[in-house]
Amino acid sequence: MDGPDDRSGATAAARSGDLAAFDQLMRRHERMVLVTALRLLGSLHDAQDASQEVFLKLYRNRAKVEASGNLPGWLYRVTVNACHDLRRRRPASVPMEEAGELPSRADDPAEQSAREERRRVLELSLRMLPEKERAALVLRDLEGLTTGEVARALGSSEATVRSQVSKARVKVREFVERYFRRHV
Amino acid sequence: MNCADWEERIALYAGSDLAPAKAAEVERHLAECAGCQMFAGWLKASLELLRDAHGEALDGAHFAAVRSRVVAQLARERRPLWRRAWVYGLAAVAAALLVAVAVRPSRWAAPRPPEVAMVRPPAAAVVPVAAARRLTRVRPKPRPKAGPGELVLVRLVTDNPDVVIYWISERRGE
């Protein structure tokens with residue numbers, strides 16, 4: 001999960017405490033952290049707050065993280081925890097309209113509209129899931145981690161993760177099916 | 001085993017999360033069951049839709065905003081103590097408080113020391129002889145032994161003008 005570049009970057013930042021080196025380290029992992037947080041929280045504003053917490057924690061614990069030798073694994077775990085904490089502090093989050101901030105690649109307005117709706121429904125379906133099932137699904141199906149990596153990030157067993165992932169997939173399918181049966 | 005029992009395994013199969021032997025079992029069941037085949041197809045399609053919906057790139061400004069917030073926060077934390085504005089503010093408030101306490105007159109005033117005055121005791125009265133003879137019949141009470149020193153009357157004046165304390169005592173060795 002961790003390449004030599006990551007380790008050397010983390011080491012450079014850890015040894016010097018240099019903000020420029022740390023900025024480079026953030027650039028390397030920011031997509032992973034912010035996008036995961038966005039998928040877990042469904043709000044860009046909250047996801048940015050969670051990402052900020054994650055990187056501040058990384059800076060403060062950089063020596064420990066370096067010793068663990070698994071920076072991405074640590075980042076996923078801390079991101080999931082930061083999102084969990086933020087959700088507890090702000091139970092009523094900003095609604096999904098913010099997802100519209102994602103730029104679309106579709107040029108055709110009709111296609112773009114259909115695409116937007118599909119995305120909105122799928123993101124809504126994610127938000128309907130219980131927190132642990134959502135985290136398991138996001139890490140396994142959207143971030144592409146292995147079951148073992150997801151288990152380590154969530155601090156649970158592989159059997160639990162498999163059960164959570166399968167339940168989440170079935171629920172998402174049911175939600176999407178129900179939605180389009182009602183609205184189409 | 002009915003189709004509901006296959007649901008969890010089919011969901012794992014749709015995401016390629018089953019070991020080869022178990023995946024082969026699921027495929028055998030799917031070959032015989034049109035309902036489960038449809039269920040597996042929907043699952044795969046919704047997973048693809050989900051990945052596609054989340055495959056869009058976020059605008060770079062959103063990442064830059066996080067980075068700048070983190071760096072600004074770290075820079076604030078790393079700033080030496082003497083360069084933080086709040087230190088100066090705190091020092092000014094503390095100095096102002098000290099000055100205020102020093103200048104302000106205290107409401108508590110120490111009590112005035114009591115006035116002490118020395119007054120000579122009145123001279124002993126002279127008893128007439130006849131009266132003295134009458135008095136001899138009555139056994140006089142033993143008089144207390146006179147002390148070696150003379151008596152001193154101390155007048156203590158308090159804050160209350162209606163209260164004056166007299167204290168009679170014997171002067172010794174003066």
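Predicted model: local features only at pLDDT ≥ 70, side-chain atom pairs only at ≥ 80, totals over all residues.
Ser16(B) lies in the loop that links helix 1 of chain B to helix 2 (20–32) of chain B. Its phi is positive, about 55°, although Ser16(B) is not a glycine.

Val172(A) has 27 other C-beta atoms within 10 Å, so it is buried. When its neighbours within four places in sequence are left aside, Val172(A) is in contact with Ser125(A) and also with two residues of the other chain, Ser46(B) and Leu50(B). Val172(A) and Leu122(A) are separated by 50 residues in sequence, while their C-alpha atoms are 7.4 Å apart in space.

Chain A contains nine helices and zero strands. Of its 184 residues, 41% count as buried. Among the contacts in chain A with a separation of 6 or more, 66% are between residues 24 or more positions apart.

Helix 3 (residues 44–60) of chain A was examined in detail. This helix has 17 residues and spans 24 Å from its first C-alpha to its last, close to the 24 Å expected at 1.5 Å a residue. Helix 3 of chain A is mostly covered, with twelve of its 17 residues buried. The buried residues include Leu44(A), Val54(A), Phe55(A) and Leu58(A), and also the charged residues Asp46(A), Asp49(A) and Glu53(A). The partners against which the buried residues of this helix pack are helix 2, helix 4 (62–68) and helix 5 (71–89) of chain A, together with helix 4 of chain B. In helix 8 (residues 147–154) of chain A, the buried residues are Thr147(A), Glu149(A), Val150(A), Ala151(A) and Ala153(A). After helix 8 of chain A comes Gly155(A), which has a positive phi near 70°.

The largest nonpolar core has 62 residues, and those with the most contacts inside it are Ala37(A) and Ile10(B). Helix 2 (residues 19–41) of chain A gives the most to this core, with ten residues. Beyond its neighbours within four places in sequence, Ala37(A) is in contact with Ala47(A), Ala50(A), Ser51(A), Thr79(A) and Cys83(A). Of these, Ala47(A), Ala50(A) and Ser51(A) are among the buried residues of helix 3 of chain A.

Between the two chains, 30 residues of chain B are in contact with 36 residues of chain A. On the chain B side, the elements that give two or more residues are helix 1 (3–14), helix 3 (34–53) and helix 4 (60–78). Helix 4 of chain B gives the most, with eleven residues. The residues on this side of chain B comprise 17 nonpolar, five polar and eight charged.

Chain B also contains paired strands. Strand 2 (residues 151–157) and strand 3 (residues 164–170) of chain B run antiparallel and are joined by seven bridges. The two strands form a hairpin, with six residues between them. Within this pairing, Leu153(B) of chain B has Ile168(B), in strand 3, as its bridge partner.

Definitions and conventions: Residues numbered from 1 in each chain as written. Chains lettered and ligands numbered in written order. Contact = placed C-beta atoms within 7 Å. Helix = DSSP H or I, 4+ residues; strand = E, 2+ residues; numbered from the N terminus. Core = buried A, V, L, I, M, F, W, Y, C linked by C-beta atoms within 7 Å. Buried ≥ 20, exposed ≤ 12 C-beta atoms within 10 Å, placed from the backbone. Pairing = 2+ DSSP bridges. Expected span 1.5 Å × (residues − 1).
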